[in-house]
Structure formats: C-alpha cells, structure tokens
Amino acid sequence: MESSLATPPPPQAPPPERKAPTRAVEGSATWSLLDRLGLAFCWALGLLFCAIAVGIVVYLFLQGVKFLKLSELTTPAASGFSETESGGFSDALFGTLIVGTMGIALALPAGVAIAVWLVEYGRPAPLARVTELTIEAIAGIPSIVLALFGTVIFSSTALGFLSRSNEGVVFGRSFFAAAAMLALVALPLIVASTRQGLESIPRHVREASFAVGKTKAATTRRILLPTARPQVATGMILGLGRIIGDTAIIVVLLGATQNFAPVEGAPFPLDYLRGAGTTLTNFVYEASPTGNLNQPQKAYAAAFVLLLMVLGLNAAADLVHRRARKAGTWSH
Amino acid sequence: MEPLTAPPPIRRLDPQDPTPAAEAPATATSFVAARRSIAAPQFSIRRMEVDDVSVHYGAKEAVKRVSLPIRQGEVLALIGPSGCGKTTLLRSLNRLTELTAAAKLTGSIRLDDVDIRLIEPTLLRRRVTMVFQQPNPFPMSVFDNIAYVLREQGSRRTKKKVLAPQVHSALQRAGLFEEVKDNLDHPALKLSGGQQQRLCIARALAAEPEVLLLDEPCSALDPQSTAVIEDLIVKLRDDVAVVIVTHNLQQAYRIADHVAFMYLGDLVEYNSATRLFNTPAQARTREYVSGAFG
Amino acid sequence: MEEELQPEYGPKWSDQRVERMLGALVVFVVGLLLAMIAVVFVRAWPSFAHNGLAWFGPGGDVDNQLQEISLSGQNGLNYVWTFHAWPLIWSTILITGGAVICGLVTALFISVFIVEFAPTWMANILQPVVRFLASVPSVIYGLLGVLILVPFIGNHLITQGEKASVAGVISLTGYSLMAAVIVLTIMIAPLMVSIFSDGLRSVKPGWVEGSLALGVNRWRTTWKIAVRAARPAIIAGTVLAVARAIGESVMLAMISGSTGWAPNPADGLIFVYEPSRPLAPTIVKNVDQLSSPPANATLFAIAAVLLFSAAFCSFAGWMARRAMRKYGAA
Ligand SMILES: Nc1ncnc2c1ncn2[C@@H]1O[C@H](COP(=O)(O)OP(=O)(O)OP(=O)(O)O)[C@@H](O)[C@H]1O
Ligand SMILES: [Mg+2]
C-alpha cells in the first residue's frame, strides 16, 4: 500500500488492444434466477399468443377452403336434413352488411357530434362530466342488456313502424331495432377515437381560424374534423368491427330466423328493414353444434367469411394509422 | 479479460497529475467570492478516466473528444453554458446514454482501469450512481424511495424495521431527515422541489456508490439546504469520487477541487478550481468566469 | 339576435344553434342511458319482489324453475315466480374470476414484454397479433371452442374414471368451466394488453432512468417502477375486462355447458371439468321466453344484476384509482 505511494507505478505499456472491446450489454445474465424465469415466461406467453392467432387464422382458412362453396354465398338458407340440402347463407351475409351499414350510419354522426361537443363546447361542465361517464358506462354495459332494453323500446306501439306489427301487437324485432342498439355498442369507440383526434390538434390551429373570423362551428367543420379524419376513420372501423362481430343483440333483436322476413305491403327497402333477418354471427351461432341447425361445416364456412371481414377491417385500420403517421397527423 | 471486481483498496496520489489540487491560493485574486474554508484534499486516487470521448445525437455532436480524470478524494465540477453537453458527458459515465437510441459514444471511459463497456451496466450503475437535473423521486412514500434501493441491492424481502437505520442515515446525510422524520410514509411527490432533490441524493447515497454523479443538485434549493449539500459533498469526497454539474460558479469555486469548463461540447479548460477561476489559461474561460461575475 | 351579429353565416350554422343541437343530442344519449337503467330495474322488480333475497340464494334446480316460470306465463293463470339464481351467479363468479385472474397475469407479462423487453421484430409481430385477437368476434371463439377445445377436454383430459365418479349426478362431456375460462381468457387478455401497454408507455421516463441509474436491473425496474406507476391503467384495463367477461353471453352459451349447475370446489380438482351456465348466457338461451311476463321479469332481473355488477366494478376501479392518486401515480 505504502509502496505505491512512494514509487510511481511503472509506465503502462501501450495497450495492445486498440480494437473496440466487445460490449457487455445489459443481458439477463446477471439477473437473479427468478427474474430470468420471468423473462422466459414473457417469451413463452408472447409465442403462445402468436401461435393462437396463427392457429385461428390457419385453421379457419383450411376449414373455409374445404367447406366454403361459392354457391353458399348466393343462396339463402333452406330447411333440409343434411348440410347439402340446407342451402347457403347469403341472407346472413347481406344481413351483416345491412346491419353494419345502418349501425355505422347511426353511430358515426352521433359519435362525432358527441366528441365535438365534449372537446369544443363542453358547457356546462357538470353535463360534460355526466356525458363522459355515460359514454364510459355504455362501453361497459353488456350487449345482452342493451338487447333486452331494445326489446322494450321497439315493441312500444309508438315505434311500431320500425318493425312488424300485427293487430296492435308490435313484434319489436327488425333490422332497425338491431342496428339502433348496435350503434350504441359502436358509439363509445367512435367518441373515444374522435376525441383523441380533436384533442391532439394544438390550440393555435383553432385560434388562427377564429382570428380570421370563422365561427366555432365552421372551424370545426372545415378545419378540425378534416384534421382528425384518421382518428374518426379508426373509430369507425373499430366500431364496425364490434357491430359485425356482435351476436347477442342480433339473436335477441333480429328475430330467430335464418332468412329475410320482409314485411308485406311496405315499399322496397323498408319491407326488408322492418322485417326480421339474420347475420353471419347469428348463423355461426345457430349452425354450431350447440345451436338449432347444427351444421358445423357451414358454420366453419360462415366463420371463415366473417374472419375475412375482420381481417379486412384490421388491415384498413392499420392502413389509416400508417398513412396518418406518414402525413404527421397522428401524434404517436 | 480483466476481472470485474472492485478495485484494490489502495490509496495513492496520482503522480501523473499535472495539476495538483492542493496548492497555495493564488495571490492575485480577481475572484471575489469567498472560498469555503475547506481543507485541501488529503489524497487523490484516479478512479475514472474519460479518454477522447465524443457523443453524437444523430448528426449532432454533443460532446467533442473530451478527456479528463475523475478522482476519489476530490470534487470535480463541470461548468459551462446551457446545452454545452455537461449532462450528456455525465450520463455517459454510467452508460445511461445507451438508453437514448439516437446517442452514439466513441472513445473510452475506464473505471479503475476497466473499460466501462466491459462492465455489465447494472453493476456499473451500482458503482456509479447519478442524481438527475430534474428531481425524480419514485411515486412511493419517502421511506420506500430509499428502501427500494436497499432492497434491490440486498435481500428483496427485508422488513421495514431492519432497513430503518440505513434509511435514516441516508436521509440524515442528505440533510432531509429532520424535515421528514415524522412522516416517512408521506408520498415523496408531495415534497417540495428542494426536498425531492435531497431525497434523490439520499437515494443515490443509499446505494453506496464509488462514484457519485450530481447534475445540478442545488438548482432548486434554498441557500441553507445548498449549504447542507455542499458540506455533504465535501465530506463525501474522501469515500466517493464526486462529479458535480453546476451553473453556480461560486458553488463550483466553493466546493470543487478541479473544474472542467465546457463550451459547445468542447472541453475548453480543465484545471484546479483556484487556477481556473483566478488565472484561467484560456480566453474563453476568462470571459465566461468574469462575465458571469462581473 | 345572434343572427344579426353574424349575418355572413346565416342562422343555420350559428355557433349558438350548433351548440344547442349538439347539446340536445348529448342530453338525449344521457337520457337514453338513464331510461335504460330505469326500464331494466322496473321490469326486473316483480321477480326480485316475489323472491326477496332468496333470488340470489341456492335452492332447487334453476333450469326447472325457469321452465315453470315461462310455462306459467304462457298459460296465463297463476304466475310462478320462484327463482333461485345461485348456480348461475356462482358460475359467473367462477368463470369471470378465473378468466380475469389468468388474463391479468398474461396481459401484464405480455404488455411488459411488448413495451420493454421484446426485440423490435417481436414487438412488431405481437402488437398486430394482440389487436387481431381482440377483434375476433366472440362467436368465432365459441365455435372453435365447441369444435376443438371442448372435444379435446372431453376426450383427452377427463378420464373415464372421473366421468364415472359423478355419473349419476352430472355428465362430464368437455363443456366445462375449464373450457370457458380458457377461451374467455384469450378473449379478454388482448383488451387488457392494449390498455396496459398504453399505460406502461406513458410512465415518466425519469422514473425508469432514475431507477436504472441506481443500478437496478431492467426487469426489476420495470416491475417495481413502471408497472407500479402504470397501476391506474392496469386497474382501468382490468375493470373493462371484468365488465366484458361478466357480459359475455354468446361464447359462454356455446361452451360453458348450459346447465344450471353450480360447480363445487369441494369435489376436488374435477370441478373444473363440470359444466355450468353463467347469468348472461342464461338470457340468450331463454330469449324465446321473453313473451311470457314472469319469464320476462326474471330475465330482466338477471340483466339488472349484470348491469349492477358492471356499474359496481367501474365504481370500484374509480375508487382504487382515486386512492392511488395519493402517491402521484395517477
Ligand atoms: N436525447 C437527446 N436527443 C438529441 N439531442 C440531445 C438529447 N439530449 C441532449 N441533446 C443535445 O445535446 C446537447 C447537450 O445537451 P446537454 O443536456 O448535455 O446540455 P447541458 O450542458 O446539460 O445543458 P443544461 O445546462 O441546460 O442542462 C444539446 O444541444 C441538446 O440539444
Ligand atoms: Mg443538463
């Protein structure tokens, strides 16, 4: 010890290695066993999730290729004893499209309007808070409860014109009823997404618009909503996914049938919309071994078509997100 | 390869040092601030060696080919105008720059003659701890903030009672104990800014580091707490190599033994505190030091 | 008056008018929710009133009770009201609880993995995977459960001996608590992952850096600092998942076994193979009975319980987040 105080250490030989030393990055090597097990568990779960997703897609794809016939997409269901005799599920396919269109047609304007009110107006403050709570609550309400509520509303005589009514007794099950309740399912998603979009627009954009004498309404319509379009679109896509994926409301509010049941005497589109019908989800439910039809092959085929729609929506959402990020209108 | 163990407990003066810290005060004093009457360092050991270090953030070079020694037994102060790369240099000393994806470091830094890139970051950061410019106490109680460090370094399940003495002494050393001793369960984020900063210092001390990096620890403190921290730093210098970034030149003069002046990423001058402030070798240093005071 | 102040925009789109229109819509939606709560509870009232607290208790075969209730409504004579929902409630508790616990653990690890530890390529795969799993319709999960998982459990996991041991009481076919919990976990975990990882990403970087700078490794830092700071998001995600699990009806109607049976943990581990039926699927399975007044009231009573539970867990989550604000983690 003392010696080193007295004698200077020998001049160091020029370091032989001049190449960059290999780095000790933080790996898990120094972690305790438990930590390393945890990380391994992370990997295992991550791979399991990937496997499940790939499994679902591949399995349904294989079953779809095996069982889906093009004729099934164009022929309605028929009563028959075997899978070959019972027709296809074209009514279900159209039903899904109708319900999706109508649900979004209701939910999109309402959702955007509510989001605009929340972000741009929001007065009086207590009402704004109550509205936020309401939207959150609607998001948390089981869709089966919404469906039951729908049966009460739409079988009231005042709303008889929206479904089949017979000697004053309103059936209460129709595309109108189902779409209205499904719109409530999509509403919170659209509100949340639109809100996020509006809130990420900096203040000075609004101020610049007010400064040239535009009203708040005009600013919102001409500047804010166009800027928030990607988020509105994302909300719409998410909402659409929920609408076409919902089964409970369809089972309760669209009637227990596998075919369109148009109301006689009504003008063209209304007769179908006022009548009962079915969707792909309902068809899969009924065609599964636990349902009334029990035609697993057709259930697979319909599920495959449904899955394709979901994948398409996911891809669309991804596209919107990516484009907006490229254009710089998405904050993250 | 070189062992990753703690350095041998040898305390030797650095014979290569061209600028010994202990020296007679300069006679021609242009500097008006009173130097704190601290004794000259008893010894100094070279613990860290910054050798030709540059740090790039993308295309921007935040630190340009800086070389300096860091010694136990004395306090090193980094001064310089805002944005000159002090924080960046400090962060590269315990490899925190690696957390910034854009940052790229060249050159080498050695701790006890071992390149820090060879030391596993976690182990390195236990030996070289840092207190940040912005106080960042964890969202827990005051007690847990310090107990967290102790628990993570020792047994994770240690009881509160067992840890209490260590926690108290860390708080005491940072001059915070008297203020918080009655409510150690108080949320740390509800402390004042200065108290939070002292809590962060206490936390760093609880880790028992070999090198302590302080990034403007006193910027949010009142003069009295500042004095407590300064005393602490001076007391610590025998056990820990201390590097402190400060914008307060008087503070640098009061507590530092060596001062490094940086400007736009360059290390303009590295010198003993008395020399740097009283007879700066570089014109830039003189401008900065006198401009700030005069 | 306003019109005169801003003549160039006309009365149609004046700010005041737009605000009033939007306000009316908002009030309508709020009113709709209140109306729904009121309607559900009013409709449910007769069932609760006739049974009292026994509604929630055990007693008798719940499936028979439901059948008698709806029959009595169709005959239009004397309504039968007796309904003891315990097996359904117990099944809801078991399935929701099991799925939420499994989902919470899974989602925590996966979101920590995505945000902190996964290499970029892995994170780039996992994120779309999670989004996809969250968007698969429940009926598809149900179908795959019925056609793959249920037969697998029935044929390979449950031994003949186990089937024989309960043969007289209930038949074990694979439609089981276990199948329900597994599929429900896969359904709700992705939901939680997306909320958890948002929370983890928005943890102040200063806290994580501060911990790393003290020589705590990344794993411990993540769990002790980041996950801790993200607890409000974790609670929010869990609450949402609980609500979703309680309300899941179709998938569970397909694979839970659809028997008003209360799996008994006292039977030993075999109870995870027992069938049951939670509250929500009970409504789906008995939709046809809505036209029978007492059955209608009974089903609305079930809906009221679902509604109350969903509201209650939202409230509990809100309280928990409020309590957490004390340490500034909110
Ligand atoms: N994460 C980062 N990404 C890109 N550039 C950065 C980053 N952090 C710092 N810089 C740049 O590096 C330069 C040095 O920054 P640094 O924080 O080291 O300055 P400083 O000397 O600590 O300043 P101050 O006294 O204000 O704290 C600055 O010009 C800054 O813009
Ligand atoms: Mg700085």
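1. The contact (heavy atoms within 4.5 Å) takes 73 residues from chain A and 75 residues from chain C. The model is predicted: local features need pLDDT of at least 70, side-chain atom pairs count only at pLDDT 80 or more, and totals for chains, interfaces and linings use all residues. Residues are numbered from 1 along each chain as its sequence is written, chains are lettered from A and ligands numbered from 1 in the order in which they are written, and side-chain values use heavy atoms, without hydrogens or water.

2. Chains A and C bury about 6600 Å² between them, 80% of it on carbon and sulfur atoms. Buried area is the accessible area (1.4 Å probe) lost by two parts on being put together, summed over both. F49(A), L148(A) and F149(A) supply 11% of what chain A buries against chain C, more than any other three residues.

3. The rule finds two salt bridges across this interface (side-chain nitrogen of Lys or Arg within 4 Å of a carboxyl oxygen of Asp or Glu). One joins D318(A) and R131(C), at 2.9 Å, N to O. On the chain A side, helix α2 (residues 33-67) gives the largest share, 17 residues. (Helices are DSSP runs of H or I, at least four residues; strands are runs of E, at least two.)

4. Ligand 1 has 14 residues around it (a heavy atom within 4 Å); S82(B), G83(B), T87(B), T88(B) and H247(B) come nearest. α1(B) supplies the largest share of this shell, three residues.

5. An oxygen atom of ligand 1 lies 2.4 Å from a side-chain N or O atom of T87(B). For G85(B), a backbone N or O atom is 3.0 Å from a ligand 1 oxygen.

Methods:
Polar contact = N/O pair within 3.5 Å; in protein donor to acceptor, adjacent residues only side chain to side chain.
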